Every structure is written in structure tokens, then in C-alpha cells.
Amino acid sequence: MTASPVSLSQGRQPPLVAVRRVSKQFANGTLAVRDVDLDLAAGEFVSLLGPSGCGKSTLLRMVAGLGEPSAGSIDWPTAPHDASGRPSRDLGFVFQDPTLMPWATALGNVTMPLVLKHVNKGEANARAAEMLALVGLRGFEKAYPRELSGGMKMRVSIARALVTHPRILLMDEPFAALDEITRHKLNDDLLRLWEDQKFTAVFVTHSVFESVYLSQRIVVMAARSGRVMADLTVDAPYPRDDLFRTSAEYAHLCRVASETLKKAIAQ
Amino acid sequence: MTDSTLPASNVPHDGTDAEARPVFATERKILGIGVSAWPGILAPIATGIIALAAWEMIVRINNVPTYILPGPLLIAQTLVTDWGTLSGALWITLRITFAALIAAVTIGVALAVVFTQSKWLEKSLFPYAVVLQVTPVVSIAPLIIIWVGDINLSLLICAWIVAFFPILSNTILGLNSADHNLVNLFQLYGATRWQTMRYLKLPAALPYFLGGLKISGGLALIGAVVAEFVAGSGGNASGLAYRILEASYQLKIPRMFAALVMISASGIAIFLVTSYVAHLLLRRWHESAVKREN
Ligand SMILES: Nc1ncnc2c1ncn2[C@@H]1O[C@H](COP(=O)(O)OP(=O)(O)OP(=O)(O)O)[C@@H](O)[C@H]1O
Ligand SMILES: [Mg+2]
């Protein structure tokens, strides 16, 4: 694992998303994000790691287009732009809570993005059912959210985010509320989906272990100031599994990330 | 992920999900109603029978004259003998009630939708809806009858005034209560206003709207009866309230009670029907209607 300068993008390809000197100040004066530079390369798995309140959610939401930066810009160099110059962001978003519509079945929830894009009903249902199967919920199409466990609801939420086959999947502490066994299982399934569907993954988390296990790159944000502290590269190859979780390499990587995070908190 | 790695649907998925799978237990039923539901039905019926029996006894033992307090048996008898006049009057009152309720639902929901589209409109109009709500309908009914002229339309308007506010305010609350993150998600997918309304806000508002409907159903009946009372002395209305007034002038107290029974029964029926509709619409997903097994 090596700490590399923040703005150095991988390779010569233009990044999928280029965050340039972005700051966000809320109406109440809170400076949630300060001067962040960040390139998200197509296909990579990046974790945003940092203590509570450091601005991870705010940054992620701005990347998604929910909330404008107060300063700086977030560009999508390779995405098509509409007449008014807005990029078509083509993304999926997973919140910390499953955020499902309680009146719709699992299938109904997953079809929603397609329905909004005017995909016809038959095709939308077929694609949603296929996506539900991919997240391990075959047979639960007709179940309502209240009939599902926390882990299963999260799977529905991920299926909904992926059903449009977005180029980038943004996740805001998606597994924070789950128990460890479920969390590990979902981490594995997420990695498998990522390898299979080849989207870019941005994963916000508090957990050093989770970020090391999942990502190729860990962006550590500093407490309160809303700045990027360090940009760590995780070299370990995929597929990763329980063997990786118990390896000395993993333990070492966790220690390095942990120490960086500690420094980030101390700042 | 290949198909071979997919869990079969009969295998627990997370290791923690096994207990969470929906199990639809079948309960033994008597007359189509589950065994556990019967005490809830029988208890109020038993209470009612005991109270009615006590009433009949008191009336008989004390020889209370029928023009002061008729016993339940006499009232029941009057209900049967006077059914011809009374049922006609009931029908007239119910017609106004339902027309008012339909108007309350259409106008209440439409206004609520318009208000959520424009905060500015809501701010300028909502206070007047409140004014309409807090003004006692008895006090404006005579004015409305004079202004409108047509008695049926006046009664309809009075009943509507009473019934429409709970629907309006509940629906506004419901439309604004959609999960904020879901609203964001719709925004991310570039949903139009209409799509957000149709697929997110209206379904989110449904439980609130139905709560309002339950209240408004009873209020529409009350509004219709009150307006009939006001109109009754001067107008040519022949709804139940008019029959009550008429019977009281003629000291036909049992008939008055019979008419009262019909009004209460109608109110109860409206409540039961609206509750049942709410139950049918919400039972799969809303906390208020789902059957808890723990
Ligand atoms: N809508 C808002 N208005 C005002 N301040 C806000 C708003 N949203 C967030 N903040 C503030 O911005 C800062 C960063 O918040 P943010 O939610 O981005 O942190 P976070 O890193 O996601 O924290 P956590 O890990 O707890 O989710 C916090 O100090 C928070 O209080
Ligand atoms: Mg957050």
C-alpha cells in the first residue's frame, strides 16, 4: 500500500468523475467539505473512509448531483451532456437505510428506476427479476419490504441501484446497520457484482476493515475540516475471500489504514 | 456471479435471514372469520345486549311514558311500522351525505395536490380552509340556503364544508411525508413532477388520506343532518332530520328515536365501510393495517 498524491489520476484515460477544488458550506455556516480534489477512474473500487461528520455523505451526494458545491466543480468528462450542459450522470445510489417504498413489492421497488425511464412494463419486470436473482433474492419478488430482513432489504436496495446498469454505484455506508455476518456476506456479494458488472464503485464507510477488504483505493478524509487526508492504494488482487480476511497482508493493510485514519481524527 | 453460485430460494440467504422469511400461518375459521377475531366481535355485541335489556327493564319497571323515553322494543317496532316513511327520508339524507363525501374527496385531494405543487398557493389559501373549518356550520347554513336557493345543493354544500377539511389537511400531511431519501432518488432518476406525484407522493399519502376519509365519512353525515335541521323548519326537505323535527312536534317520540337509531346506524356503517376499505388498501404494507405476529 502506498500513499500517492491526491490529484494523480491512474493512467492516461480521463477520469469518470473529476472533483476539482470542491467546497460545500451549508446555509447554517457549516463547512462540510473543503477544497477536495478527487478523480474517480472508470471501473475502480474506491472507499471514502473517515470519522463521523467529516463530510463523506455531503461529498457523495454532490457527486450524485444532490446539492451543488459552493465552490469548485464536479465534472463528468466522458459522459454525454445535455443542451444546458448538464452531464447525464448515469449512476446508482444506495443510502444507509434501504429506503424502499413500503407499498411496493421487492420487484416493484427494483422496477421503479426503469418505470421512471419509461421502459415498458414487461421488460422492466424481466430486468428487475434478473437483478433480484443476481443479489440472491430469487423467489422474493412478491415480498413486501416489511416481510424482509435488514440484509434482504439492503439487497433489494442494491438491486434497484444496479438495475439500470449504471456506470457508477455510489454507496453511503450501506451496511452500517447490519450485523457482522450479514455484512461480510454482502461485502462478498458486492465484490462479485462489481467484478461481474464492471461498474465504478464508491463506498463510504467508517470501517477500516471493510474499506481494506473491498477497495483498490482508500480516500481518507480528515475529521471536521472536510479535507482529503490521504489516498491509499490497496494492491491485493481480486477475487478476495475469507482467506484474504485472515492473511497477514490484510492485517498489515488494515494497520496502515488505521494509522492514517487515526492521524486524520487527531488533526 | 454465475447461476451456480445463486442460493436456491429455499435456503436462508444471509445466515441471519432464516427467521425473517414470511410465514403465512393458516388460522382455524368459523363463518369465515378467524377464531382469534371472534372475542373482539362478540364482546361489544354482548355489552350492547346487556345495556338494551337494562334499558327495557328500567322503562317497564318504572312505567316511563313512551313520550318521555320509549323502550328499545317499542323503538324497534316503530322502526318496522314506520319503515316506509323513515327509509325514504334516510335515503335522501344518505344521498346528500355521499354526494358531499365524494365532493370532499375530489376537492380535498385536488387542492392538496395543488398545494404541494405550489407553497405560495398553499400559504395564500390554506388559512381560508381553516376559517371554513372552524366556522360552525349551523351558523352559516341559513345564509347558504338563502344564497344558493336550491335546498338540496345548499345541504350538499353544508355537508361538504364539514367533511372536506380532514381530507385536505391529512392529504397535505401525507403528500409531504414521503421519505426524503426517496424524493432524492426520484430526483436522481430525473423523475418528472407528475411521476413523483404518481409513484411516490400519492402512495405515501394514502394512509393519511384514508385516515381523513374515516373522519370525513361521519362528518359528512353530521353535516347533512345539521343542515337539514336548519333547513327543516323553513324548507321542504324531507331527510331524516326533518322527520325527527316533525316527530318531536307531534310528540311521536318513538319515531324520533327510530330516526335517531337510523342515523347512528348509518354513521356506524359509514365508519365500518371506510375502515374496511382502508384495511384492504393498506393491509400488505402499512403498519396500521398489517397483522403482527409478535
Ligand atoms: N443539510 C445540512 N445542513 C447543515 N449542515 C449539514 C447538513 N448536512 C450535513 N451537515 C453538516 O456537515 C458536516 C458533514 O456532514 P456529513 O453528513 O457529510 O458527514 P459524514 O462524514 O457523512 O458523517 P457520518 O459518517 O456520521 O455519516 C457535519 O458537520 C454536518 O453536521
Ligand atoms: Mg454520512
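Q: In strand 7 of chain A, which residue is the bridge partner of Ile168(A)?
A: The bridge partner of Ile168(A) is Thr200(A). Helices (H or I, at least four residues) and strands (E, at least two) are DSSP runs, numbered from the N terminus.

Q: What am I looking at, and how are things numbered?
A: This is a predicted model: local features need pLDDT of at least 70, side-chain atom pairs count only at pLDDT 80 or more, and totals for chains, interfaces and linings use all residues. Residues are numbered from 1 along each chain as its sequence is written, chains are lettered from A and ligands numbered from 1 in the order written, and side-chain values use heavy atoms, with hydrogens and water left out.

Q: How many bridges join strand 6 to strand 7 of chain A?
A: Five, and strand 6 (residues 168-172) runs parallel to strand 7. Two strands pair if DSSP finds at least two bridges between them.

Q: And strand 3 of chain A, how many bridges to strand 7?
A: Five bridges join strand 3 (residues 45-49) to strand 7, also in parallel. There, Val46(A) has Val202(A) as its bridge partner.

Q: What do strand 6, helix 5 and strand 7 of chain A make?
A: A right-handed β-α-β unit, with helix 5 spanning residues 180-197. Right-handed means that, with the strands pointing away from the viewer, the path from the first strand over the helix to the second runs clockwise.

Q: Why is strand 7 of chain A largely enclosed?
A: Six of the six residues of strand 7 (residues 200-205) are buried, so the rest of the structure largely encloses it. Buried means under 20% relative accessible area, exposed over 50%, partly exposed in between (1.4 Å probe, protein chains only).

Q: Which residues sit on each side?
A: Thr200(A), Val202(A) and Val204(A) are on one side, and Ala201(A), Phe203(A) and Thr205(A) on the other.

Q: Switching to ligand 1. How many residues surround it?
A: 13, and the closest include Ser52(A), Gly53(A) and Lys56(A). The cut-off is a heavy atom within 4 Å.

Q: Which element gives the most to that shell?
A: Helix 1 (residues 56-64) of chain A, with three residues. Lys56(A) is in helix 1.

Q: Is Lys56(A) buried or exposed?
A: Buried, with a relative accessible area of 4%. Its C-alpha is 6.7 Å from that of Val204(A), 148 residues apart along the chain.

Q: What is 2.6 Å from an oxygen atom of ligand 1?
A: An N or O atom in the side chain of Ser57(A).

Technical notes:
Polar contact = N/O pair within 3.5 Å; in protein donor to acceptor, adjacent residues only side chain to side chain.
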